[in-house]
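I open these notebook entries for a reader who is new to the structure. I set down what I looked up and in which order.

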2 protein chains.
Amino acid sequence: MTVKRNTWQREAVREALDSRDGFVSAQGLHQGLRDAGSHIGLATVYRTLADLANVGEADSLQSPEGESLYRACASTGHHHHLICRNCGLTVEIAATEVEVWAKKTASDHGFTDARHVVDIFGLCPACTAASA
Amino acid sequence: MTVKRNTWQREAVREALDSRDGFVSAQGLHQGLRDAGSHIGLATVYRTLADLANVGEADSLQSPEGESLYRACASTGHHHHLICRNCGLTVEIAATEVEVWAKKTASDHGFTDARHVVDIFGLCPACTAASA
DNA sequence: CCCGTAATGATAACGGTTATCAATCCGAGA
DNA sequence: TCTCGGATTGATAACCGTTATCATTACGGG
């Protein structure tokens, strides 16, 4: 079966992710690593992020523009995000209330295997002040 | 100022959208029109759909894969969707409960100008039965 | 019926993401 | 510690959805 190896690249991506406050695009993270002197390849960043995402070490979502964004989240369980559309600042939200609603709504209509997308995009306090 | 012209192409896109039950991609709709004998161009379909969307005649959302999907919705106001990820069948949902939650959550954290993305993807009754 | 101009459409360009494939290097076993 | 197989990497080409280009078409007010 598939073996997981520890390469410095994988570690670099993990660290780079951890050092960020909000969501980043694969390209953005790659750029940041290059700027920091790393010679990591773009394809590797894409692969590693996708991998971390479905292993549960990172969360991913699509920006309103259709880009895939990633983030190393503190909470390990299922949760949602409140994201600043200007600076990317992200707040993790546990929305039990919405969780229940989504499940109920789906089953009320006979839908099975329901997954939901629930994210809030706005302007954080700092950016709100700055744009005033 | 900008004048809106009535071309047969615009009308064709509107009709094609209305004749569908669920969300469709621009390419899908274009293909359908071509199959029906229309000689409409792909670029026009994209332009028209985008236009209908921000005029409010159509709703748009991003599929989990990042494609833009469109739909002519019955309800004119703000609402959400329960979508079959297999056949595209869509149910419109008025989620006052979630609306309130989103607004409260945002302001609790000092976020302003909040917009939210709330969609549920699952398998409709028919597709659930078919995949069993 | 005319004419200015918005709309169209074939196609090129674009931007993000994934596939390719030879070179590399991790690490289990000897 | 050394070896060797196969997972991983990375430069680049290919993909795919979407948007821009621009010459041509045709809507519709006068």
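**Entry 1: conventions.** I note that the model is predicted, that local features need pLDDT of at least 70 and side-chain atom pairs pLDDT 80 or more, while totals for chains, interfaces and linings use all residues. Residues are numbered from 1 along each chain as its sequence is written, chains are lettered from A and ligands numbered from 1 in the order in which they are written, and side-chain values use heavy atoms, with hydrogens and water left out.

**Entry 2: around DNA strand D.** I looked up the residues near the strand, that is, those with a heavy atom within 4 Å of it. There are 18 residues around DNA strand D, and Arg5(A), Thr7(A), Thr44(A), Arg47(A) and Tyr46(B) come nearest.

I then sorted the surface near DNA strand D by class and found six nonpolar, eight polar and four charged residues. In this scheme Ala, Val, Leu, Ile, Met, Phe, Trp, Tyr, Cys and Pro are nonpolar, Asp, Glu, Lys and Arg are charged, and the others, Gly among them, are polar.

Entry 3: Which part of DNA strand D does a polar side-chain atom of Arg47(A) approach? It lies 2.5 Å from a base nitrogen. For Gln9(A), a sugar or linking oxygen lies 2.9 Å away.

Helix H1 (8-18) and helix H3 (42-55) of chain A, with helix H3 (42-55) of chain B, each give two or more residues to this surface near DNA strand D. H3(A) gives the most, with three residues. Helices here are DSSP runs (H or I, at least four residues) and strands are runs of E (at least two), numbered from the N terminus.

**Entry 4: the two domains of chain A.** I found domain 1 (1-74) and domain 2 (76-132) in chain A, with bounds from an automatic or database domain assignment. Their C-alpha centres lie 21 Å apart. The area buried between them is about 750 Å², with 58% from carbon and sulfur atoms; this is the accessible area (1.4 Å probe) lost on putting the two parts together, summed over both. Phe23(A), Leu61(A) and Ala74(A) supply 45% of what domain 1 buries against domain 2, more than any other three residues.

**Entry 5: a charged pair.** The rule finds one salt bridge across this domain interface, a salt bridge being a side-chain nitrogen of Lys or Arg within 4 Å of a carboxyl oxygen of Asp or Glu. I also recorded a salt bridge between the side chains of Arg71(A) and Glu92(A), at 3.1 Å from N to O.

Key: A polar contact is a pair of N or O atoms within 3.5 Å; within protein, one must be able to donate a hydrogen and the other to accept it, and residues adjacent in sequence count only if both atoms are side-chain atoms.
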